[in-house]
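Keep the sequence beside the structure as you read.

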Amino acid sequence: MSELLKRYLGSYSQRHWATFAIFACLYWLATPPLNAQDYSAVQAIFEKHCYQCHGATKREGGLRLDRGKFILTGGDNGPIVVRQDSDKSELVKRITSIEEDRMPPEGAGLSPEEVQQIKTWIDADLPNLPMNEDAANDDSRLSHWAWQPISRPALPTPKGDNSLDTNYIAFNSIDSFIIQKLREKGLPQSPLASWTDRLRRLSYDLHGLPLSPINQPALAAHESPEEHYGRVVEQWLADPAYGEKWARHWLDIAHYADTHGFERDQRRQNAWRYRDYVINSWNHDLPYDQFVRQQIAGDALAPRDSNSVIATGFLSAGPYDFVGQEETQNEVLRRQARADDLDDMLTQIMTSLCGVTIHCARCHEHKLDPISQAEYYEMISLFAAVRRSDRPVDYLQLKEYDESQKQLTQKIAELNSQLRKLRNNGLDLADVVGGGNGFGTGKFDAGIDPATGNIQLEKRGFLDNLRLNHFSTVNTVGLDGIAIPDGLVDGTNHRLQVTSTGIEIDIPDTSGACWDAIRNGPVNAQHSLQLAGVDYSAGHNMLGTHANVAFSIDLDELSTASQKEFARFQSGVGYFGQTEREGATVAIFLDGFEVAKFEKLGRLDGLYPIDVALQKKHRFLTFLVTDNGNGIGHDQVCFIDPLLVIDEPSPNNTEAQRIVQAEIGRIELELKAAQLAKDQLQSPIRYFGITSGTETPIFRLRRGNPEDPLESVQPNAIRCVPVAMNLPAITTDDERRLAFAQWLTDSKNPLTARVIVNRLWHYHFGRGLVDTPSDFGLGGNPPSHPELLDWLAAELIEHDWSIKHIQRLICSSYTYQQSSLKQDSAYAIDAQNQWLWRRSPKRLDAEALRDTVLSLSGCLDREFYGPGYEDFDYQEEYAPVYRYKPANEPSLWRRSIYRYIVRTTTHQFLATLDCPNAANLTPVRDHTTTPLQALALLNNDFMRDQARRFADRLQQECGNDSQRIVVRAFELAYARQPSKSEIAAAMKLSKQTDLETLCLMLFNSNEFIFVD
């Protein structure tokens, strides 16, 4: 290209851009400038393009653009504007994007002018952005019925004349509301059910047990049927069986169980105390507002009142990820498990008490209800310090108990030490393991970690990161060292060094696992302290081990420290674990030479004596405990009274002997008194509940991710409820939960009373006035009888929150006492019986069916309260194993409410009958009809065994009179007399097969399984 051409093109380009610049300036002058102060124009753009997805009623991604403060805070992914810098603002990036993330996602998008208006406004630092708006007040969702105050409606007035239509009957105010709807829908009432049907219905509803001649109150001569029915209601509300029945309903929504759940599913041995609290509270008609307050903050309300403290078991009743919160070393997993735990706790509270699905706001703004993600985390922060734990009911009592026990234990140890010296009977190796001198100075329960040789005070489970066949010295006088043996590691046979001088012994192959420590006392999770009928927990010293472990005693060091010579080692060794046979093997060595061996010990082998002669040349006494290569399981081995007998002559002087014996006698009396005082100490009651742990700040989490915290939040309650919960910025755990409990039970809170009366209605009629009993929000269904719902809620509050008052009204109403028979004309209008023109048939739930069968057979154990019965065989492993067994022994015949509930291993028979899984909240139980249910009722071992026992009962009561037997069977099973044809058919079946078969058929009949 020639230089002339280059100069020409360059000149042309300059002329071209100059011309463009001139025209651009003319265009700018001709176009009105954008007004950077005009927020109203930006708001109009948002309204046109954005409010459909990011407004008051719908907030995709947690983003709301209809109010100033929400524009600033942004959505789930953080702020969307960077003040004075539109190029860095996410809002501008999204509205100008040409990718799939463009906003709005559909349509033509924003015009260039609209984009420029927003950019200019951002660059000018968001002028005129209103920040004082009350954005909640114009949220249309706040008009939802559930957030409105409870107002006591007037009773419906009859239409036409001044009396109710003669086609309808009202026994109380409830019926007036029901009749009003029936009139509107053109539906009739059904006639009253028969007297027996009403009593049977009432018996199951209030007690969960069958009606029988035994529990029917007799009709007094002066009573009308209505008066008698009312007396029956009062008597049965006062019966202790009432609390057992209704506690089961409450425990469903608390998803109570006796184990943690998750992968370890560990036992909660003291969880039952909360179950008993619920039974007791319902029986005594504890005002519902007090019942709620105690369950949220009972420990803060009355810290020395055991009932009030145990009530907080409600907060801890759900599953607990023990591995995620306590065992894992991964902090990310810990934070996730903690977030899940708090979510479960808050979800349980808000769904069960308020009917609010607040967990929907964990990751984003609630899609249906006016609940923001920030509000969710504000409520989470109410429980920022709460931890689930097995704990004493009274910490002050625990402190007093521990101090008394410590003093008495020390005194007993000192007295035992004096006796040993006077009797010259030896040095205690269990005391040495506890860090003592062998004469009682050691710490009980202290031990040595087999993995490191370090002193271990805390209980431990399976040991991690084990270094097998590694000898670790122990920094305790008299203990030389310790190791975890395994004769075969990586395909190589090993010998094991067992002393600091290098002595080795042959060792068998083991599982290479190890548990807890060697202890001055029992090991962690000791199966038992008894063997062959002897209790070794008192009056004996115990050196506890768990296979696999090897440890050596330095006899020279102990001899030097005690200035004694040792003649013998004497003890008893036994297998104190669960395995009956071939659990573990024990071997004892002197300086590497085996001197005693006890192979394949089990519980049934009892206690073996050990007596090993010692000489001055012997230095090391070695103990080896191995698992036989079949896994350590419950391989708990204990050495009882392990003594190094002192080699000293007794005094020859008779007077000296007399003085010694007198001193021994005195000390023995003092020791006996101290031991008695220790035995009589009342151990503090423990329960599985909550404690106040270390408080951690709570942040709003982007998409609910604990690893992506946003701004911090302060404790508060949801704003859609017209009750404020004002808390200062700095509060204690007790203050927060107390304030929350007061907020829940404030008479102006429209949710708490409505939710519980609806639940009562649901359990009595099989369907609530709101048929989504744990969702009163916009995602749930509206009430079928809103005026009745509010009337019942107001009635509850005005009658001191008495649950029994509401149930008395329900059970006494005509609506409740109606027949369940079908009327074709009404059925055509309302097949689902939403308007209650009849009583809907109800099937017995799993527990009621089981309890009824036990009641009819005469086997039902009516013992109240206490630890639950365990209908399984338990095996302690890393993940405990629960294997259910046939319920054919009296210890398993208590009411189902007392069953020990395992969270991850459901009871197959009960689960088949729709017993809920305790891992989940269960506001409404499933009602399925499956072939498995019929097969279970016919063939399950429990059903067949109870049918046989029912037959035995009938024969004992009626002798060989077959007709009397049939009549009695019908009376017990159906609470009525059989017809002639039924008697004939039943007698024929019994004759052709046997009485047991007849009883089993009665158990499988619809009339037995259905209440109506």
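Two strands count as paired if DSSP finds at least two bridges between them. Strands (E, at least two residues) and helices (H or I, at least four) are DSSP runs, numbered from the N terminus. The model is predicted: local features need pLDDT of at least 70, side-chain atom pairs count only at pLDDT 80 or more, and totals for chains, interfaces and linings use all residues. Residues are numbered from 1 along each chain as its sequence is written, and side-chain values use heavy atoms, with hydrogens and water left out.

Start with the sheet. Six strands form an open sheet in the order β5-β6-β15-β20-β17-β18, and their pairing is antiparallel. β5 (472–476) and β18 (593–601) stand at the edges with a single partner strand each, so one side of each has no neighbour in the sheet. On average, neighbouring strands are turned by 15 degrees against each other, direction ignored. Axes here are lines fitted to C-alpha atoms, for helices over the stretch in contact; angles run from 0 to 180 degrees between N-to-C directions.

Look at one pairing inside the sheet. β17 (residues 584–590) and β20 (residues 620–626) run antiparallel and are joined by six bridges. Ala-587 has Leu-624 in β20 as its bridge partner. Helix α20 (residues 555–562) packs on the sheet and touches β5, β6 (479–483), β15 (549–554), β17 and β20. Contact means heavy atoms within 4.5 Å. The direction of α20 makes about 40 degrees with that of β15.

Now step back to the domains. Their bounds come from an automatic or database domain assignment. Domain 1 covers 3–138, domain 2 covers 310–388 + 688–746, domain 3 covers 425–650 and domain 4 covers 941–1011. The centres of domain 3 and domain 4, taken over C-alpha atoms, are 61 Å apart.

Next, two helices. The expected span of a helix is 1.5 Å times one less than its number of residues. Helix α6 (residues 112–123) has 12 residues and should span 16 Å; its end C-alpha atoms are 16 Å apart, which agrees. Buried means under 20% relative accessible area, exposed over 50%, and partly exposed in between (1.4 Å probe, protein chains only). The buried residues of α6 include Val-115, Ile-118 and Trp-121. The buried residues of α6 pack against α2 (39–49) and α5 (90–96). Asp-125 follows α6 and has a positive phi, near 70 degrees.

Helix α28 (residues 846–857) also has 12 residues. It reaches 17 Å from its first C-alpha to its last, close to the 16 Å expected. α28 is mostly covered, with 11 of its 12 residues buried. Just after α28, Gly-858 takes a positive phi of about 85 degrees.

Finish with the rings. Rings of Phe, Tyr and Trp (its six-membered ring) pair if their centres lie within 6.5 Å; planes under 30 degrees apart count as stacked, over 60 as edge-to-face and the rest as tilted. The structure holds 37 aromatic pairs. Tyr-274 and Tyr-277 have ring centres 6.1 Å apart and planes at 25 degrees, so the pair is stacked. Both lie in helix α11 (residues 272–283), three residues apart, about one turn of the helix. Both Tyr-274 and Tyr-277 are buried.

Tyr-288 and Trp-801 have ring centres 6.3 Å apart and planes at 25 degrees, so this pair is stacked. It links distant parts of the chain, 513 residues apart: Tyr-288 sits in helix α12 (residues 288–301), Trp-801 in the loop between α24 (786–798) and α25 (803–812). Tyr-288 and Trp-801 are buried. One aromatic cluster includes Tyr-274, Tyr-277, Tyr-288 and Trp-801.
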